[in-house]
Amino acid sequence: MNIAARRSVYVTSAGQPQEARRGERRGQLPNVGDALQAKASEGVGHKARVYIVAENRLLREALSRMLLRRGDIEVVGMNSTGPFRAECLSEEKADILLLTSRGSLAKDIYEIRQVRLMASTVKILLVGTTEDDTEFFQYVRAGIRGYLPRDASAEDVLKAMQAVHGGEAVCPGTLCASLFRFFEREATSVHSATIHPRLGLTRREQQIVPLIAQGMTNKEIANQFCLSEQTVKNHLYRMKHKVGAGDRFGIVHLCRTQGFLV
């Protein structure tokens with residue numbers, strides 16, 4: 001009997017001592033094969049069920065082989081050809097999506113949001129290429145639970161997988177520090193109290209007004225709040241309609257003349 005079989009027999013015997021003893025008292029030999037199969041079925045629910053999405057075939061297969069060596073991780077699927085379907089995660093009852101970056105922020109964000117929409121309980125671990133704070137924050141906003149650089153070691157991937165499965169969040173130390181700095185900026189740059197709420201602006205829109213007053217560009221404002229430039233444009237469009245201003249500086253002028261901005 002090989003080591004794996006001996007270990008399984010031990011677990012099964014320990015897990016069902018009364019049944020085994022009753023069988024021995026009756027003079028019957030317990031069916032070890034059935035016990036092993038039943039225990040294996042029970043154990044599947046305790047494993048991290050992982051679905052791998054990677055465009056590079058060699059990378060995909062290497063990740064699969066690495067994870068298959070782990071007794072606490074089960075690879076339940078891989079995207080081999082064609083576009084990735086988020087519905088597959090629910091069909092395979094996946095716990096974790098190991099997603100490698102497509103090399104495009106827009107494509108990555110789209111796939112992450114599709115997963116959050118179609119399989120909201122699946123935790124996403126992204127293996128990416130960016131070291132840019134703004135892009136990383138957009139991934140976080142979209143719904144990832146963990147982020148690793150593409151040059152992460154096999155051990156890093158395994159540890160991250162276990163951490164994410166256990167309910168933790170994972171990212172490199174430098175990006176973690178950036179998160180702390182971002183929330184610190186959020187706390188110190190809130191000017192909401194100086195703008196009267198009757199203008200109907202949201203909290204984010206109220207935060208944007210002082211930055212417009214400082215002459216910051218859309219890109220600079222986007223970087224300040226870790227948003228896309230298009231999102232800032234959308235905010236400005238809605239703000240102009242809410243306050244009845246013709247342009248961005250009209251928003252500032254209206255807030256100042258009515259004493260809502262100091």
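I shall begin with the basis of the values, then turn to the sheet, and close with a glutamate.

What you see is a predicted model, in which local features need pLDDT of at least 70 and side-chain atom pairs count only at pLDDT 80 or more, while totals for chains, interfaces and linings use all residues. Residues are numbered from 1 along each chain as its sequence is written, and side-chain values use heavy atoms, with hydrogens and water left out.

Five strands form an open sheet in the order 2-1-3-4-5, with parallel pairing. Helices (H or I, at least four residues) and strands (E, at least two) are DSSP runs, numbered from the N terminus, and two strands pair if DSSP finds at least two bridges between them. Strand 2 (73-78) and strand 5 are the edge strands, each with a single partner strand, so one side of each has no neighbour in the sheet. From one strand to the next, the twist averages 25°; axes here are lines fitted to C-alpha atoms, for helices over the stretch in contact, and angles run from 0 to 180 degrees between N-to-C directions.

Strand 1 (residues 48-53) pairs with strand 2 in the parallel sense over five bridges, and Tyr51 stands opposite Gly77 in strand 2.

Is strand 4 enclosed or left open by the rest of the structure? Five of the six residues of strand 4 (residues 123-128) are buried, so this strand is largely enclosed; buried means under 20% relative accessible area, with a 1.4 Å probe and protein chains only. Strand 3 (residues 96-100) pairs with strand 4 in the parallel sense over five bridges, and Thr100 has Val127 of strand 4 as its bridge partner.

On to strand 5 (residues 146-149), which pairs with strand 4 in the parallel sense over four bridges. Gly128 stands opposite Pro149 in strand 5.

Finally, Glu205 lies in helix 10 (residues 203-213). At 1% relative accessibility, Glu205 counts as buried. Its side chain reaches the backbone nitrogen of Thr202 at 2.9 Å.

Notes. Buried means under 20% relative accessible area, exposed over 50%, partly exposed in between (1.4 Å probe, protein chains only). A polar contact is a pair of N or O atoms within 3.5 Å; within protein, one must be able to donate a hydrogen and the other to accept it, and residues adjacent in sequence count only if both atoms are side-chain atoms.
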